[in-house]
Amino acid sequence: MYNSKPLLMFRHCDDNLNTFVLNLPQFCPLCGDDLESAATFKVPLFKVPNPLSDGHQNPFRIVIKPTAGNFMDNYTTEKNLHIGVTDSKGDVFHFNKNGLNRSTSSPFQSPSLSPSSPSTSEWNSCLAMMMCDQWGEERYKDNEYNCYTFVLSFLTELRLSNYLPTINSKEKFCEEFIYKNLIKCLNYISIIKEIEKNNYFINKKLT
Ligand SMILES: [Zn+2]
């Protein structure tokens with residue numbers, strides 16, 4: 001799991017170019033000015049939010065991970081994803097061929113669902129109830145009754161369909177919710193990998 005320094009971004013001399021780094025360099029890669037004495041930045045250095053933060057640190061979230069491996073080292077888009085839900089302590093509840101599991105350490109990342117949902121008070125009790133019924137290993141089927149079935153059932157049980165209408169359809173939920181977050185993760189990873197090659201990465205600002 002990526003656990004390194006935070007990704008930093010700034011714009012120094014060109015308003016249209018973002019420079020990403022893990023450490024602030026002494027000199028601007030674009031104009032060569034000494035950044036330590038630079039009086040002005042077009043956009044001052046700031047920490048880019050990390051979509052790959054550890055799911056266990058984030059209670060009341062939906063979290064995803066590659067079914068095998070992790071996003072940073074070996075994920076490619078044709079690989080399957082595994083999805084779970086964190087409770088108030090950050091323990092991840094997830095359904096697989098072993099049935100419904102409660103995990104404190106596996107590398108779930110990309111927390112995505114806001115904790116400000118209206119139902120956090122029932123969140124833990126709903127998970128506890130689901131640990132007790134219908135989620136045994138004998139029910140698991142790779143393509144039909146899997147980790148998505150569990151998460152969507154959980155969100156439905158919490159009556160979140162007004163808040164998250166896409167939970168009525170696995171396809172819509174994946175499109176609207178999983179893939180958008182996945183793209184954020186993959187963009188973040190590609191920037192980190194570029195920085196590992198050159199110490200910085202420059203791209204055009206999104207308009
Ligand atoms: Zn510059």
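The following paragraphs lead the reader through a predicted model of a protein, from its overall layout to single residues. Because the model is predicted, local features need pLDDT of at least 70 and side-chain atom pairs count only at pLDDT 80 or more, while totals for chains, interfaces and linings use all residues. Residues are numbered from 1 along each chain as its sequence is written.

The secondary structure comes to 4 helices and 8 strands; helices (H or I, at least four residues) and strands (E, at least two) are DSSP runs, numbered from the N terminus. Along the sequence they follow the pattern β-β-β-β-α-β-β-β-α-α-α-β. The C-alpha trace spans about 65 × 35 × 30 Å along its principal axes.

The domain assignment, with bounds from an automatic or database source, gives domain 1 (8-50 + 190-204) and domain 2 (55-184). Their centres, taken over C-alpha atoms, are separated by 35 Å. From an unreviewed UniProt entry comes the feature "domain: MKRN2 opposite strand protein-like N-terminal", placed at residues 5-35; UniProt positions are given in the numbering used here, feature names are shortened, and annotations may be inferred rather than shown by experiment. In the model, residues 5-35 are 0% helix and 29% strand, and the end C-alpha atoms of this span lie 20 Å apart.

Helix α4 covers residues 170-198.

Which residues of α4 are buried? They are Phe-173, Ile-178, Leu-182, Cys-185, Tyr-188 and Ile-191. A residue is buried if 20 or more other C-beta atoms, placed from the backbone, lie within 10 Å of its own, exposed if 12 or fewer, and partly exposed in between. An α-helix has 3.6 residues a turn, so residues three or four places apart point the same way. The buried residues of α4 pack against elements including β2 (17-21), α3 (147-157) and β8 (200-204). Asn-187, also in α4, is partly exposed because 13 other C-beta atoms lie within 10 Å.

Buried residues make up 23% of the 207 residues in the protein. In soluble globular proteins, nonpolar side chains tend to be buried together. A nonpolar core is a set of buried Ala, Val, Leu, Ile, Met, Phe, Trp, Tyr and Cys residues joined through C-beta atoms within 7 Å. The largest such core has 31 residues, and those with the most contacts inside it are Val-85, Phe-150, Val-151, Phe-154 and Leu-155. At least two residues of this core come from each of β4, β5, β6 (92-96), α2 (120-132), α3 and α4. Leaving aside neighbours within four places in sequence, Phe-150 is in contact (C-beta atoms, placed from the backbone, within 7 Å) with Phe-95, Leu-100 and Trp-135.

Most residues other than glycine have a negative phi. Phe-60, however, has a positive phi near 55° and lies in the loop between β3 (43-47) and β4. Phe-60 counts as partly exposed because it has 19 C-beta neighbours inside 10 Å. Asn-199, in the loop between α4 and β8, has a positive phi near 75°. With 12 C-beta neighbours inside 10 Å, Asn-199 counts as exposed.

Definitions and conventions. Contact = placed C-beta atoms within 7 Å.
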